[in-house]
Amino acid sequence: MAKNTQAQYFHEALERQLGFAAMVHVGNTLYLSGLIAIDEKMAVVGPGDMAKQINQIYDQMEKILAMSGATLENVVNEVMFTTNMQALVQANGARVARYAKCAPPASTGVQVSALFLPDAMLEIQATAVLD
């Protein structure tokens with residue numbers, strides 16, 4: 001179990017209500033919960049548009065990482081859960097572009113039947129290591 005001092009929240013009220021933290025910071029490792037493409041009102045951004053969802057997720061990820069002084073350069077592993085692998089493969093250029101200035105992380109992609117919100121097509125969980 002994470003200690004209260006290790007948990008960091010992005011949408012704190014929502015995360016507390018649902019029983020999770022956006023990130024847990026242990027030592028020099030950052031564990032990010034799965035991110036889906038939502039706005040501050042928990043509406044899915046870009047329903048049916050995988051590239052928009054990818055960009056929204058990475059925008060959120062960069063903000064969450066920044067809370068601990070990290071960037072995408074610190075991400076060492078990702079697990080991507082998608083409801084449409086073909087759409088993910090076709091829009092993967094949007095993901096690759098986010099890592100253009102650094103080495104890409106180890107990554108796994110898994111197709112699933114559904115995600116937390118019906119219009120979400122992608123969820124990305126990540127681990128980052130601070131230098």
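Predicted model: local features only at pLDDT ≥ 70, side-chain atom pairs only at ≥ 80, totals over all residues.
Residues are numbered from 1 along each chain as its sequence is written, and side-chain values use heavy atoms, with hydrogens and water left out.

Q: Which pattern does the protein chain follow when read along the sequence?
A: Helices (H or I, at least four residues) and strands (E, at least two) are DSSP runs, numbered from the N terminus. The protein chain has four helices and six strands. Along the sequence, their pattern is β-α-β-β-α-β-α-α-β-β.

Q: In what order do the six strands form the open sheet, and which are the edge strands?
A: Two strands pair if DSSP finds at least two bridges between them. The six strands form an open sheet with mixed pairing, in the order β1-β2-β3-β6-β4-β5. Each edge strand pairs on one side only, and these strands are β1 (7–8) and β5.

Q: Which residue takes a positive phi in the hairpin of β2 and β3?
A: Strand β2 (residues 23–26) pairs with β3 in the antiparallel sense over four bridges, and H25 stands opposite L30 in β3. Two residues lie between the strands of this hairpin. The positive phi, near 60°, belongs to G27.

Q: How many residues of β3 are buried?
A: Residues count as buried under 20% relative accessible area, exposed over 50% and partly exposed in between (1.4 Å probe, protein chains only). Strand β3 also pairs with β6, in the antiparallel sense over six bridges, with A126 as the partner of L32. β3 is mostly covered, and its buried residues number six of eight.

Q: Is Q53 buried or exposed?
A: Q53 lies in helix α2 (residues 50–66). Leaving aside residues up to four places away in sequence, Q53 touches (contact means heavy atoms within 4.5 Å) A37, V44, V45, G46, P47, G48, D119, A120, M121 and L122. Its relative accessible area is 0%, so Q53 is buried.

Q: What is the phi of M42?
A: M42 is placed in the loop between β3 (29–36) and α2. At 25% relative accessibility, M42 counts as partly exposed. Its phi is positive in a residue other than glycine, with a value near 65°.

Q: Why does the radius of gyration of the protein chain agree with that of a compact globule?
A: The radius of gyration is taken over C-alpha atoms, and the globule rule is 2.2 Å times the number of residues to the power 0.38. Because the protein chain has 131 residues, a compact globule would have a radius near 14 Å, and the chain agrees with 14 Å.

Q: What percentage of contacts between residues at least 6 apart in sequence join residues at least 24 apart?
A: Of the 131 residues of the protein chain, 41% count as buried. Among contacts between residues at least 6 apart in sequence, the share that joins residues at least 24 apart is 70%.
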